[in-house]
Amino acid sequence: MRLPALPAVLFVLLLPLAALAGKNEIILQSTTSTQNSGLYEYLLPLLERDTGLRVKVVAVGTGQALKNARNCDGDVVLVHARDAEEKFVADEYGLKRNDVMYNDFILIGPEDDPAGVREARDITEALQRIAAARAPFASRGDDSGTHRKELRLWKAAGLDPGAAREGWYRETGSGMGATLNIAAGMGAYALTDRATWISFANREGLAILHEGDPALFNQYGVIAVNPAHCPGMNIKGAETFITWLLSDKGQKAIASYRLKGQQLFFPNAHPVLPGNGG
Amino acid sequence: MLPGSQLMEIVALSLKVSVTAVLLAALIGIPLGALLAIRRFPGRTTLTVLVNALMGLPPVVVGLGLYLLLSRSGPLGVLQLLYTPTAMIIAQTILVTPVIASFSQQIFSDLHHEYDEMLRAMRASRWQTVLTLIHEARHALITAILAGLGRALSEIGAVMIVGGNINHATRVMTTAIALETSKGNLRLAVSLGLILLALSFAINLALHFLRSRLERAAHA
Amino acid sequence: MPESNILPLKPKGRQEAGAGFLISVDALGYRRGGRSLLDAVSFELSRDPGITVLLGPNGAGKSLLLRLIGGLIRPDSGTIRFSPDFRGPIGMVFQKPVLLRRSVRANLLHALAIARIPRRERTGMLARLLVAADLTHCAESPARALSGGEQQRLAMARALVGDPGLLLLDEPTASLDPAATAAFEALVCKVAGEGARILLVTHDLHQARRIADDVLFLHKGRIFEHTPATTFFRAPASGEADAYCKGTLLT
């Protein structure tokens, strides 16, 4: 049949469109938390004014972002799962990893707090209380940075509700926002990053029930994709982006972004700020 | 929340992507449907079943397949089409072509059945036959195109993956709705949904009037 | 073309009355599903202008025979020969007129285009066809909005495009009322009078009496007789034809 020829013809016809794509432009594979919080809409115009670089953000989970970058479908990654990031660099898919900023994770849940996590001393105890009360818990279940963090926290608490197929433990397989919507809908507990929470509008009786545990530290790192692995990538643009982000100017810009009067991200590219846990 | 200019940008891109995809799909699907309806050739039944089955293809699957093709590490990565409106157009063309082809096949099959003997009695050439049938099918084909446009405009799975929902570049109505939903801005998401609905309604209405005008002119 | 001639038809076979055949059908056979639908059908149509009526009960094979002569289907055996000087297409009109979803004028222009009539000649021919079929008043109307009689006259006008050497009409008035039938018969007679050779299938004995020059009687896929109409209706040669005319033929 003639069918296989059709896509080929289409591609040839559309080829000039691709060639039009500007050179001074990079694709940033990043997380939904940074996008949903509005950080990029604030940051990127400042970056473009300073450097002329245009950044296209693809916001997915950390796991997906790293996978896309491994497929060379991005020039830079900005994600929050340190071990996965370090593996990405060790496998030579990316160049050097740099800390950019941090905030923290929080445990949210129904305001009446049926599992009583408000009284918990730390996050470990809070999770144990949820499990003991068999209170509904909405997990990302999508290999995102938040999901990885959550799994580590369960492990630290000596529990594995996912493997145990507990009825109260619901894996949404969705982004942070979608998971919060589900939590709001069913009155479930959930672990979320603070930036997404602050920018999230549909809280429906949910509240922060546990925060401040050092174990809830949430570090974001930035990595340029390795041009040796992806010869076509825009290494110059990637370097421009990272240099600006780590510069005083970039760091100040991150610090100055506020939503509802609150600072969402705390720059820590220079090791002056405390904590580098994870 | 969402400034008017950005809304216009998103609506315009939605229309550009989906309308272009539907036109391309019509260019492929209408002749394909006509071929399946009129010609007898080996593999015709298989191809017909395939086209009908592809109508139910989940957009996410198309998006994923196209992602693997267009990814820079994929076989067509050199084209650098991933995360561009072009990739979204290709994805929707793939989704819409079977819809238009299948509708067209039914339309042409009916018309062929009706006109075949008459056209052969007139000694019409194959080419004259095809042109006559396309001309006669023009009203009914509007329905096929509308069905295709409906699938394209409402689709999110494929454009999300190959477009990436990039602000000012590949964000369309459906991906914007998903984004606002994930931000918990349900009211804005519903408003966007209503705009999409109104858009779809307006297009359907316009084509409906076009069709009935054409039909009145043709056979009252 | 003579001025007096309103149809784009040329007189045919006027030179020598009875000088051989226009069409010679010889031992035509057609089988489907183990059944013989036409069996050893042989007859000739003379080159004289006129109307041959093909009569016969349901299932006799009349429409099938017409389609074989028209070349729409191929026989399993036997031959259909045309005289060496047979010219022009074969025009066909079916029981149900199949008209395009366009105006009357556009339907005729479409037929003129299919017949590859040169553009500059089309306007004149169109006007003559409209007059002949008495459709000038509704030339701009959508064809499918016409009355049944008008639709069938339009189908006839279309069949006349390209100056056909033979017209095959398959029960053209079967679904028309008496007035529309009369108008259609008048058109058929006018066309025949101007030199056309017509083979018309009908169930309607009265119609056959009104317009037939000669009658072919077909029954169970076989020709039982081919005689001038006057002879046929006065004294059918076969018992089957006699029974058919009396309405007692069992099929």
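**Note on the predicted model**

1. Among the elements of chain A, the lowest mean pLDDT, 50, belongs to helix α1 (residues 5-20) of chain A, and the highest, 97, to strand β3 (residues 76-79) of chain A. Here pLDDT is the predictor's confidence in each residue, from 0 to 100; helices (H or I, at least four residues) and strands (E, at least two) are DSSP runs, numbered from the N terminus. This is a predicted model, in which local features need pLDDT of at least 70, side-chain atom pairs count only at pLDDT 80 or more, and totals for chains, interfaces and linings use all residues. Residues are numbered from 1 along each chain as its sequence is written, while chains are lettered from A and ligands numbered from 1 in the order in which they are written.

2. Chain A has a mean pLDDT of 89, with 88% of its residues at 70 or more. The pLDDT is below 50 over residues 16-22 of chain A, a stretch with nine contacts beyond near neighbours in sequence (contact: C-beta atoms, placed from the backbone, within 7 Å). It is likewise below 50 over residues 272-278 of chain A, where the model has ten such contacts. Where pLDDT is low, the predicted coordinates should not be read in detail.

3. Chain A is assigned domain 1 (24-103 + 219-267) and domain 2 (104-216), with bounds from an automatic or database domain assignment. Taken over C-alpha atoms, the centres of these two domains of chain A are 26 Å apart. In chain A, 19 residues of domain 1 are in contact with 15 residues of domain 2. On the domain 1 side of this contact, α2(A) (32-36) and α4(A) (62-70) each supply at least two residues, and α2(A) has the largest share, three residues.

4. Between chains B and C, 16 residues of chain B are in contact with 15 residues of chain C. Helix α4(B) gives the most to the side of chain B that touches chain C, with six residues.

5. Chain C contains an open sheet of three strands in the order β2-β1-β4, with antiparallel pairing; strands pair if DSSP finds at least two bridges between them. Because β2 (35-46) and β4 (77-82) of chain C each have a single partner strand, they stand at the edges, and one side of each is left without a neighbour in the sheet. Strand β1 (residues 21-32) of chain C pairs with β2(C) in the antiparallel sense over eight bridges. Opposite C:Arg32 stands C:Arg35 in β2(C).

Notes:
Contact = placed C-beta atoms within 7 Å.
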